[in-house]
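Have the viewer open as you read.

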Amino acid sequence: MGTRVNGPLVVHASSVAVDGRAVLVIGPSGSGKSALCLQLMALGATLVADDRTVLQSGEGGILARAPETIDGMIEARGVGLLAADSCVARVALVVDLEQLETDRLPPHRTYNLLGQKAPLLHKVEAAHFPAAILQYLKGGRSA
């Protein structure tokens, strides 16, 4: 999924955060990673990184941040590179845009990041998906 550079892992993913809890959005080029993050930012999330995210294992989880060269920038196709405040946050959720969710109430899934497990959601093709992700970051998911 990524390459290690002196300890941290650089992954092809975009990420945003709410209250220090980040969602890492993965998927192939053109799958809508930046678009989903822009929708989440419009709902109040803060940019962590666009297109490439640096992950580092630490006490309490995986920290996500932007590489210095792209910190504070997010691409909006057809508009250009947009400036945004950015933050560093702990990964609380992974969203895989390559996998389409087919279950109304999907099972709890996990994704392995640097030897730690993070909750995993597949892509949901519905207007409520960004709001649901935001609520997941704020309150988690019930058993």
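**Ground rules**

Contact here, or one residue touching another, means heavy atoms within 4.5 Å. This is a predicted model, where local features need pLDDT of at least 70, side-chain atom pairs count only at pLDDT 80 or more, and totals for chains, interfaces and linings use all residues. Residues are numbered from 1 along each chain as its sequence is written, and side-chain values use heavy atoms, with hydrogens and water left out.

Let's start with Thr53, which sits in strand β6 (residues 53–58); helices (H or I, at least four residues) and strands (E, at least two) are DSSP runs, numbered from the N terminus. Thr53 counts as buried because its relative accessibility is 0%. For reference, buried means under 20% relative accessible area, exposed over 50%, and partly exposed in between (1.4 Å probe, protein chains only).

Not counting residues up to four places away in sequence, Thr53 touches Leu9, Val10, Val11, Ala13, Ser14, Ser15, Leu24, Ala64 and Arg65. Two of these partners turn up again on the polar side. The Thr53 side chain reaches the backbone oxygen of Ala13 at 2.9 Å, and it also makes a polar contact with the Ser15 side chain at 3.1 Å. A polar contact is a pair of N or O atoms within 3.5 Å; within protein, one must be able to donate a hydrogen and the other to accept it, and residues adjacent in sequence count only if both atoms are side-chain atoms.

**The nonpolar cores**

A nonpolar core is a set of buried Ala, Val, Leu, Ile, Met, Phe, Trp, Tyr and Cys residues joined through side-chain atoms within 4.5 Å. Which members of the largest core touch the most other members? Out of its 20 residues, they are Val16, Val23, Leu36, Leu40, Leu93, Val95 and Ile133. At least two core residues come from each of β3 (13–18), β4 (21–26), α1 (33–42), β10 (89–100) and α2, with α2 giving the largest share, five residues.

Take Val23: setting aside neighbours within four places in sequence, Val23 is in contact with Ser14, Ser15, Val16, Leu40, Leu93, Val95, Ile133 and Leu137. Apart from this core lies another, of 19 residues, including Ala13, Leu55, Val91 and Val94.

Glu101 is in the loop between β10 and β11 (109–113), and it counts as buried because its relative accessibility is 14%. The side chains of Glu101 and Arg109 are joined by a polar contact of 2.5 Å. Beyond four places in sequence, Glu101 touches Pro106, Arg109, His122, Lys123 and Val124.

Arg141 is in the segment after α2 (129–139). Is Arg141 buried or partly exposed? Its relative accessibility is 31%, so it counts as partly exposed. The Arg141 side chain reaches the backbone oxygen of Pro106 at 2.3 Å. With residues up to four places away left out, Arg141 touches Pro106, Pro107, His108, Leu121 and Tyr136. Arg141 and His108 are 33 residues apart in sequence and 9.1 Å apart in space, C-alpha to C-alpha.

**Cysteines**

How many disulfides does the structure hold? Zero, where a disulfide is a pair of cysteine sulfur atoms within 2.5 Å. Cys37 has its closest cysteine sulfur in Cys87, but that is 11 Å away, so it is too far for a bond. Cys37 is buried, at 0% relative accessible area, while Cys87 counts as partly exposed at 26% relative accessibility.
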